[in-house]
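Work through the exercises below with the sequence and the coordinates at hand. Each task is followed by a solution in steps.

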Amino acid sequence: MRPTDRSRGGGAFHHGIGAGTTRRAFLLATAALLVTSKGVSARVITKVLPWRPNEAYPVTPVVPGGYLFFTADEAAVVEAFAERLIPADELGPGARQAGVTTFIDRQLTGPYGGHDWLYMEGPFSKNPLPSQGLQSELTPRQQYRNGIAALEAYCKATFNRGFVELDAAGQDKLIAGLEKGEVQLPNFSSKMLFNAIYTNTIEGFFADPIYGGNRDMVGWKLVGFPGTRYDFRDVIDRPNQAYTLPPVSMQGRPAWGER
Amino acid sequence: MARRLPRKDVVIVGLGWTGSIVAYELARLGLDVVALERGPWRDTASDFNIGTAPDELRYAVRHDIFLRPKQETLTMRNDPSQTALPIRKWGSFLPGNGVGGAGLHWNGQTWRFLPDDFRIRSHMIERYGAGIMPEGNQIQDWPVSYDELEPHYDRFEQVAGISGKAGNIKGTIQPGGNPFEGARAREYPTPPLKQGYAQSLFTKAATGMGLHPFPRPSGNISAAYTNPYGCSMAPCTYCGFCEWFGCANYSKSSPQTCVLPALVREPTFEARTDCEVTKVNLSADGKMATGVTYVDAAGEEWEQPGDLVLVCAFSLFNVRLLLLSGIGKPYDPATGEGVVGRNYAYQTGSGASAFFEDAKFNPFAAAGSLGVALDDYNSDNFDHGPHGFVGGASITSAHTNGRPIRYHPVPPGTPAWGSAWKKAVKDTYQRVTYVGAQGSVMSYRNNYLDLDPTYKDPLGRPLMRMTFDYQPNEQKMANWMAERCQEIAKAMGANSTRLSRLGVPWSVVPYQTTHNTGGAVMGSDPNTSVLNRYLQSWDVSNVFVMGASAFPQNAGYNPTGTVGALTYWSLEAIFKYLKSPGALVPR
């Protein structure tokens, strides 16, 4: 009945509550659990702060290579599309080299891809107000799967070839049409497809590299964001001065060790 | 069927700022206190380690530590003629979840409201005549004065270690502080944060215009500090991961940093996490609470009897719990009768972006409360006569972060993607800053909260329905403030500026602010308030309701300082109540 995800402390990485509780409950006898006929059901904290060193629950680093959600053809479309949104140019790498497609693929396989944390109960209104925000039943996974199929069907019908075979100018024109809602895809909202790829491409270009995008911190280098250094007292002391140290991510820097 | 647990002296719903403070102060008296928190336990060492804390995607974009809409959300519409739909994904505001509540993920801006704010209705009518009051307003004086709250503001600031510069100590104006503030007993516990380049330009420009800039009071603290509870804090490192994040440095004032280390050592205190209170239970005559019912993570239902029930959830969820429990008469905008859900208010945001030819603002070197503010246009610190609106705003130059997924500003006219966008993102990041106005929102007949007729939470209980829009008074005020911001931005030397007007209709999509106020307001008349001046329910005398839900309308400031002050004010009354239970104010 209840969502048992990490927000409720039930996840495998969070606090070790659940199957792995025994050792901790033993070590911290005062951090007890309410035990019922159905098993562990709530956590009781009294007398001692229940933490142990190095217990922070980390994200699982993305290992690039292959796709877990996309087919090879879908991945090629997303990659070509994202590369037009953030192209490689004289300012540096674009979405492709940043690993944005891998980022999106891995995000889609997680809770984000299924809108697992969102309110997805019906009824779904056919004519919501713009001020009421997201009102679609479609999860990101469905948006990509159905939206890319619709885009490919449109490209085959209109240009007699797939999106990736269009030249850059042709892709740009089509993307602009999707963005403005001027291109009608078969049975799919063109704006919804544009917004999904656009939003996730920006995320993948600027998120910590641990998620598979922003490879070599190319997004951070573009703007001069130093990443996760967590201490800028030196910068505050030198107003209007350029920051010259290279960025650091949650996994450090390439120069710090094996990649 | 709920199973009945042994009785407790005090049952607290929610373990954020207000819940942890009242838990500590009451457990210290030796009372048996249980706090029920529907989210998980969170503490700095486990959850906000430096190795994992600075993660923009996880916290600011995917909302990892926030209440998940799947668990509870609201429905929303702009006016009563529309059909409300669920907020499926948080946008405009972001409610917290878990131990620490909103006090964990806030920016730390810790204000005192101005003396006039507490009697705004009387004050405005006295000075300008009744004609200045906006159409449909339900603005009402607070049932407590600034002078009454002053010692309690002081107490909260001392516990939270707030960094700032006093502007008025016992009636004497202090150089460098806010000359408009109410008289304070003493200085802030820690000195102000250092400021960045943008703030030095703002200070110079504003001073040159005859305005009165000062470093805004900050819960990201500037120096090592041990608070009256014996909890220690460390200096802020300007890491730029405050709002929507937990602080790994013990630098941000939060229940985790300032209260829980002391609270958890109290032998008569117990917290139960992953336990959602579904109802405050009432006696047969409805005049006394007998305790609460809650559901734990496994779906088991429990009854927790208690002598005193303190409702300490986030403001919106306090109101919903009252509605679901049948405490107080629900508000009906058609008749104007009823009180629960009445006078919901929010906050305006407007301002101006300032683009410089050549500057290095280093926006990433920041803190949630870093900034220089001025109050010349707040409350009634200026003549409202020529403008025809009620309310005001604090105007601020601030950099709270430079996290690039959400912060990659571009000049007007830039395409949204492609090489031209990429070039603009690179060129603009260091040379833009913003002057912002955070404004008051008054209370109106048609801005309110009630239970939704259609949508339910996973336990089958109705979601709360929010009916809200910015009214003409707020639009006029916020847009006038945006022009003031633009004047200052130009005086700072910007070679171009962009005005940001108030977005109307109010939309759930862009993040605006989590300053949701009202719905269970305090007052001196039980026909227009849920709580008396001590935050005690008019109807059920052993129920007190803490938090911004008690604000009769919102002022031009962040709410937490006033939430903290009201908590200590109410606690003083609870101490009296414990000696002699019953209504502290006759109905």
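**Exercise 1. Give the order of the secondary structure elements of chain A, and say how many helices and strands there are.**

Solution. Read from the N terminus, chain A has the element order α-β-β-α-α-α-α-α-α-α-α. The count is 9 helices and 2 strands. The model is predicted, and the predictor assigns the complex an ipTM of 0.96 and a pTM of 0.95. For chain B the mean pLDDT is 97, with 100% of the residues at 70 or more.

**Exercise 2. State what share of chain A is buried, and what share of its contacts joins residues at least 24 apart.**

Solution. Chain A has 259 residues, and 37% of them are buried. For the contacts, take those in chain A between residues at least 6 apart in sequence; 55% of these join residues at least 24 apart.

**Exercise 3. Describe the packing of α5(A) against α7(A).**

Solution. 
1. Helix α5 of chain A spans residues 140-159, and its axis comes within 10 Å of the axis of α7(A), at a crossing angle of roughly 120°.
2. An angle of 65 to 115 degrees would count as roughly perpendicular, and one over 145 as roughly antiparallel. The two helices α5(A) and α7(A) are therefore oblique to each other.
3. The crossing of α5(A) past α7(A) is left-handed.
4. From α5(A), the residues A:P140, A:Q143, A:Y144, A:G147 and A:L151 meet A:M192, A:L193 and A:A196 of α7(A). By class, the residues of this contact are 6 nonpolar, 2 polar and no charged.

**Exercise 4. Which elements of chain A supply the side that touches chain B?**

Solution. 
1. The contact draws 80 residues from chain A and 85 residues from chain B.
2. At least two residues each come from β1 (33-36), β2 (39-45), α2 (72-85), α6 (168-180), α7 (190-206), α8 (218-223) and α9 (233-236) of chain A.
3. The largest share, 6 residues, belongs to β2(A).
4. By class, the side of chain A that touches chain B has 45 nonpolar, 20 polar and 15 charged residues.

How values were computed
Residues numbered from 1 in each chain as written. Chains lettered and ligands numbered in written order. Predicted model: local features only at pLDDT ≥ 70, side-chain atom pairs only at ≥ 80, totals over all residues. Contact = placed C-beta atoms within 7 Å. Helix = DSSP H or I, 4+ residues; strand = E, 2+ residues; numbered from the N terminus. Nonpolar A, V, L, I, M, F, W, Y, C, P; charged D, E, K, R; others polar. pLDDT = per-residue confidence, 0-100. Buried ≥ 20, exposed ≤ 12 C-beta atoms within 10 Å, placed from the backbone. Axes fitted to C-alpha atoms, helices over the stretch in contact; angles between N-to-C directions. Parallel < 35°, antiparallel > 145°, perpendicular 65-115°, else oblique. Left-handed = near helix turned anticlockwise from the far one by under 90°.
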